[in-house]
Amino acid sequence: MHFPSLIPFLIPLSLLTLINPTLAIATQASSSPSREAQYQTLPSLRESAKIQDKWRDERVENIPNILRRWGVDAWLITQREYAEDTAFWSLKSATQFSARRRTISLYIANPKEGTPSAYTWIDNTPEVYTSITHVLSSQNPKSIAINTHPNITFSSGLHVGELRGLYQNLDRKWTDRFVERPMVAVEYIGTMVKGRLEWYRRLQETAWAMITEAFSERIIEPGVSSTEDVEWWLRSKIQEQNYTTWFQPDVNIVGVEPIFGPPDAIQEPLVSRKRDIIQYGDMLHVDFGVTALGLNTDTQHLAYVLYPDEDESSIPSGLKAGLAKANRLQDIVISNMKVGTSGNDILRASLDQMHSEGFEGKIYCHPIGDWGHSAGTLIGMTNLQDGVPVLGDLPLLNRTYYSIELSVEHFVPERNATMMFYQEEDVYWVSGEKGWEWVWGRQEKFHFVKTKSGKRKAVAAEAMSGQEEL
């Protein structure tokens with residue numbers, strides 16, 4: 001989540017070489033989509049539930065492997081209706097809208113022969129603890145993970161009242177075996193099954209299609225449309241397509257100066273606000289995501305508003321170079337995303353490489369999937385470029401999705417100003433040596449807001465009228 005909007009536009013190698021010789025070489029291979037993004041229709045609610053439950057079953061089957069990997073014998077999750085553990089939302093079926101009564105799940109790493117590895121109880125009487133004790137006695141786990149970590153959201157969802165209930169109703173023999181293994185929940189939530197990718201790609205393509213339409217003359221009229229107009233158009237389009245979202249779309253004009261006023265308002269403090277009416281020559285940015293099938297996307301793109309007499313070749317070279325620089329930082333980050341490495345180590349290596357290539361920027365990448373900001377290590381935050389405590393020390397998982405979110409500074413001669421170029425695209429892990437690939441593609445060309453032919457004539461006529469008056 002943060003900033004973007006564009007339609008691809010290849011950068012001439014001659015220009016890239018002027019920026020940085022290394023940059024030119026590194027960006028020769030285009031990662032932009034091979035075709036224009038199209039809206040993808042979601043399956044029926046009934047079919048969607050079947051798809052999601054199949055994914056959920058595959059993930060639950062992998063829990064014993066996760067428990068063994070992190071050296072724990074069992075995982076216990078308990079919650080009440082409307083006070084769910086964070087992990088519950090990745091463990092439930094598609095037709096569950098909340099926990100019922102008291103809902104308790106127990107997962108066993110090495111179940112005795114002929115017994116299941118997963119148990120769930122729904123009850124509102126103390127008898128449920130008798131049932132749990134029976135299973136614990138049968139399986140005899142030496143360690144039982146509970147979600148009580150103080151700093152990791154996905155491993156801290158056990159409510160205090162439920163924890164108290166466990167201590168009051170289970171023998172001390174079992175409560176003494178409670179341990180914190182935060183990576184159990186993190187890995188379960190952060191691991192994506194293979195079948196999800198096809199639909200995740202469709203979600204990402206739909207997000208691109210919405211951005212492309214939002215940043216076009218169909219939606220934006222320079223001098224009339226505001227950034228808020230575009231934001232609410234996006235929200236409406238999401239609903240129209242039967243998708244939803246996990247945050248309000250954010251559209252802004254990059255590089256506009258604050259407006260202060262009025263100077264005679266002695267009694268009131270001056271209020272700074274940014275211009276929100278879109279004008280010719282503006283560079284626009286959007287931060288946007290869609291939600292469906294239990295998955296979330298996160299995209300930031302850039303757009304340019306063409307003047308009436310301009311075509312796509314008219315965009316200032318400085319803006320194209322800024323986008324190319326952001327693409328280069330994306331390449332740098334992905335090249336340093338080695339599975340098992342901490343987010344903080346990836347951040348340091350990437351920033352060092354960026355600085356060695358002679359430019360400045362910020363890196364703030366995050367896992368994505370079940371949640372917009374999902375389970376896994378963080379690779380920087382906007383205000384933490386020296387490392388992220390706790391979350392930045394987690395190891396990078398494989399079989400996961402990430403939002404490569406970042407920004408770079410670039411001096412734009414045509415504007416005589418240093419401007420920020422924001423980009424965010426989602427990637428997925430490819431097994432073997434390939435590493436990470438873009439889910440749908442990445443923005444390498446600007447989206448363009450063109451002037452409608454009728455409007456172009458009107459603007460030209462207005463200009464001629466002004467000359468005659470002079």
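Predicted model: local features only at pLDDT ≥ 70, side-chain atom pairs only at ≥ 80, totals over all residues.
Reader: Let's start with the rings. How many aromatic pairs are there?
Author: The count comes to 11 aromatic pairs. Take Phe 88 and Trp 89: their ring centres are 5.0 Å apart and their planes sit at 85°, so this pair is edge-to-face.

Reader: OK, what about Tyr 402 and Trp 436, how are their rings arranged?
Author: Their planes are at 75° and their centres 5.9 Å apart, so that pair is edge-to-face. Tyr 402 belongs to strand E15 and Trp 436 to strand E17, so the pair ties together parts 34 residues apart in sequence. Tyr 402 is buried at 1% relative accessibility, and Trp 436 is buried at 7%.

Reader: Which residues form an aromatic cluster?
Author: Trp 75, Tyr 107 and Tyr 188 form one. Tyr 188 also has the charged end of Arg 59 over its ring, 5.1 Å from the centre.

Reader: Switching to Arg 202, which ring does it lie over?
Author: Arg 202 lies over the face of Trp 199, 4.3 Å from the ring centre.

Reader: Last one: where is Arg 328?
Author: Arg 328 is in helix H12, which covers residues 317–336. Its relative accessible area is 9%, so Arg 328 counts as buried.

Technical notes. Residues numbered from 1 in each chain as written. Heavy atoms only, no water. Helix = DSSP H or I, 4+ residues; strand = E, 2+ residues; numbered from the N terminus. Buried < 20%, exposed > 50% of the residue type's maximum accessible area, 1.4 Å probe, protein only. Phe/Tyr/Trp six-rings, centres within 6.5 Å; stacked < 30°, edge-to-face > 60°. Lys NZ or Arg CZ within 6 Å of the ring centre and 35° of its normal.
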